[in-house]
Amino acid sequence: MPEGRIVLAATPIGNLGDASARLRELLAEADVIAAEDTRTARRLCAGLGVTPAGRVVAHHEHNEAASAQGLLDQVRGGATVAVVSDAGMPTVSDPGYRLVAAAVSAGLPVTCAPGPSAVTTALALSGLPTDRFAFDGFVPRKDGERRRWLTSLLTEARTVVAFESPQRLADALAVVVEVLGPERPVCVARELTKLHEEVVRGTAAEVQAWAAERHAGEGIRGEIVLVIGPPAPGAEGEASEADAVAEVAVLVESGTRLKEAVAAVAGAHGMRSRELYQAVLAARG
């Protein structure tokens, strides 16, 4: 019996011309195509002129835990299971992680057919440092969680990439300005590789102004990737004590515990936590 395997197959993030020859071969020959959305997978096959020889089954965040075992049984029986998401690389903020973890635990073969990724595409286009970067998934929806996430980036030396909803982009950028400062370098990449691709670069204040204007006018549509650069050298230490106290107040109002907020802001600006804590208490007093 031939050895089965799981193949994580990257699909185009917009332009069908980015589909690899290996992806076409997998879609045509795999015994099973485990798709985030079976309709999207079938449209992809049709667009590429591929007729799947195997079954196309649903494998998404709501059924991943349940469907993983069945897919592993297929692999044990010698099947090739191609895993595809709606766009880009499976497991990267898309279904697939649980299946891969289970396959690794069971000692079953897992490989990858690499290809398009919105994360690395946006990073490359951003004009921001690419030697070190972090991917943080989706920007938190709730204001308090979003502020705490951004607070953790105050002294982050790496470029940070995250996905965001077009409807929430302007509000998220306003909080970026508030927490990270108006001069923090930012890039918004929209509709990557598609007809209306747009890449907006600048300071947080500049990009937020663009987003606010667009949101109030024609609106912002499409897939959004937010890229936040590291602070400029020396920028962490420029805040006055009054500025730092104000930053702590903003974080506390958003739900961050006082000591955590003080530690984050003090670390970001090279201050002593105890002195900043006393300044905050004095300002409250």
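**Reading a domain interface**

Modeller: Across the interface of domain 1 and domain 2 the rule finds zero salt bridges (a side-chain nitrogen of Lys or Arg within 4 Å of a carboxyl oxygen of Asp or Glu). This is a predicted model, in which local features need pLDDT of at least 70 and side-chain atom pairs pLDDT 80 or more, while totals for chains, interfaces and linings use all residues. Residues are numbered from 1 along each chain as its sequence is written, and side-chain values use heavy atoms, leaving out hydrogens and water.

Biologist: Where do the domains of the protein chain run?

Modeller: Domain 1 covers 3-115, domain 2 covers 117-226 and domain 3 covers 239-281; such bounds come from an automatic or database domain assignment. The C-alpha centres of domain 1 and domain 2 are 29 Å apart.

Biologist: How much area do domain 1 and domain 2 bury between them?

Modeller: The size of an interface is often given as the accessible area lost when the parts come together. Here domain 1 and domain 2 bury about 650 Å², with 63% of it on carbon and sulfur atoms (accessible area, 1.4 Å probe, lost on being put together and summed over both parts). Of the area that domain 1 buries against domain 2, Ile13, Val92 and Ser93 supply 66%, more than any other three residues.

Biologist: How many residues of each domain are in contact?

Modeller: Contact means heavy atoms within 4.5 Å, and seven residues of domain 1 meet eleven residues of domain 2 that way.

Note on methods. Buried area is the accessible area (1.4 Å probe) that two parts lose on being put together, summed over both.
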